Amino acid sequence: MRMEMGLILLFLCTSLFSGFEANALTYDYTASLECLENPWKPHYNGGIIVNPESNFGLQGWYPFGGAKIQHRVSAGGNKFIVAHARNQPFDSASQKIYLKKNMLYTFSAWIQVSQGKAAVTATFKTTTGFRRAGTVAAESKCWSMLKGGLRVDESGPAELYFESNNTSVEIWIDSISLQPFTQEEWSSHQQQSIWKIRNTNMRIQAVDVKGNPLPNATISISQKSSGFPFGCAINKNILNNQAYQSWFTSRFKVTTFEDEMKWYSTEPSQGKEDYSVPDAMLKFTEQNGVGVRGHNIFWDDPQYQPGWVKNLSPADLTTAANRRLGSIMSRYKGKLIAWDVVNENLHFSFFESKLGDTISGNFYKLAHEADPGTTLFMNEFNTIEESGDAMSTPAKYLQKLKDIQAFPGNANLNIAIGLESHFSVPDIAYVRSSLDTLAAANVPIWITELDVQSNLNQAQLLEQILREVHSHPAVSGIVIWSAWKPEGCYRMCLTDNNFKNLPTGDVVDKLMHEWGINQAFEVSTDSGGFFEASLPHGDYEAKIRHPTLFESSPGHAFKVTSTSSLQQQSMPVVLQVPA
């Protein structure tokens, strides 16, 4: 079989990783959102944690701060550690460990509190400071899973402990696990996941007009549309800039308008709506086969309201908000692939402060009624970017999502998770564990505004985080937040002002090529007219060349999906030369 260098490298990578994977410990992506009578067994049998199931009393566990600790046994025989007599948030049980630089750690524990509900955080005291690995909303009378992750800047001794601002509760701890992975093991997890969830093994046969196999035929294959949405934000500068248009359309089939659909852009003065710019941008995207995420209907940050909205009475704000939702959604109904309905409603609460705590739920209900066929997103920042942001932890995100779904009339809401992903220095161990937890909600997850803060390692860090989120089984799409402006992008550009790639743009091009997005290649069939390959999901066109043919065959369209391999168990894809 003969094929272009890019695809050869993909197969080489697979072969190299497959040998490594035989010895590498696989990653456990599972997480639970249920509060259970008994906890699961610890992941990885506890990893490097001593006495992870408390089967040996308090062995390995010590008081932290001013807490007292006990070993208890439930009526059903389950053993666990209890931190009580707590006066400070950090008073708890702890275990001393040794953390190594350049290792990635995945953490899990099952937590219960003695009464009510309380947020409990797993924290590591290290030689360079305190690192929060994850947080869970723990309850009494049942066990909740806390899943987290971290990497450290320096090797050295560390101490794991648990903290809660509610000092009136006891913290109960069981089934604790801390598993280290090398960088090579972590990369092998990514590669395994990509080949399992993004690609499918295909067996394709070329035959002549009579159905006879065409041995040693050359088949040119090009991907026309990727099965994985991967895009970049744009803004109005693209409308009159041919170079920008060419650079963008040669790469991306998904986008978000940076500001042009926002309320302050479409109605800067009350009652004077102007959709001319987003209309023109949508016409451009439609002409080029680009799907658009609707961003956004409302933004909960008071700083980004139209000036005239800020001082409206509750009654007038309700009228204005309902008119806004009806106006933009009726205009673009059925033309978009998603709506960000209420943006950043964990960090901000402009509408809640004016119209009540359940207003987000009502907005999603109205949005679903206005455009029932389009997915509605809750879009937020720092849920996977910063473990120390208590306002938007995965636990807080999922509780808000649950509140929206519980609003009357929202039982069948077509809702999804939007993660902005504005990173400084990504902690990919925390990112992966956070995605694991969010995935347990069983709704689509998109990375909606990905960028990395400008620094000397920006391109390297961008590649690191793109590899991590693209490989996660729960991530359904990615949009990079790099709409071009001559004065500079929001935080990260992919090109200079002449639309020559910056190092960040080179990273994007490299990964798109590696992942097979919009790629073309050639293969040769064997003696039976067959070739086999692991192809990324998407829509393809194939053309056949053979010495018996006077010219290449017309294009043959075929689709590769996750179910293609099941269909092929009975019959391969057949490309037949027409009469």
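The model on display is a predicted one.

Next, select residues 276-287, which make up helix α5. This helix has 12 residues, and the distance from its first C-alpha to its last is 17 Å, close to the 16 Å expected at 1.5 Å a residue.

Within α5, display the side chains of Pro-278, Met-281, Leu-282, Phe-284 and Thr-285, which are the buried residues of the helix. Turn the view to look down the axis of α5: these buried residues fall within an arc of 155°, so they line one face of the helix.

What do the buried residues of α5 pack against? Select α3 (242-249), β14 (254-256), α4 (263-266), β15 (291-299) and α6 (314-332) to display these partners.

The tour now moves to a strand. Select residues 92-99, which form β4; this strand is mostly covered, with 6 of its 8 residues buried.

Which strands pair with β4? One is β1, residues 62-64, which pairs with β4 in the antiparallel sense over 3 bridges. To see a bridge of this pairing, select Tyr-62 together with its partner in β4, Ser-94.

Another is β9, residues 156-163, which runs antiparallel to β4 and is joined to it by 6 bridges. Here, select Lys-96 and its bridge partner in β9, Glu-159.

Technical notes: Residues numbered from 1 in each chain as written. Predicted model: local features only at pLDDT ≥ 70, side-chain atom pairs only at ≥ 80, totals over all residues. Heavy atoms only, no water. Buried < 20%, exposed > 50% of the residue type's maximum accessible area, 1.4 Å probe, protein only. Helix = DSSP H or I, 4+ residues; strand = E, 2+ residues; numbered from the N terminus. Pairing = 2+ DSSP bridges. Expected span 1.5 Å × (residues − 1). Arc of directions from axis to C-beta. Contact = heavy atoms within 4.5 Å.
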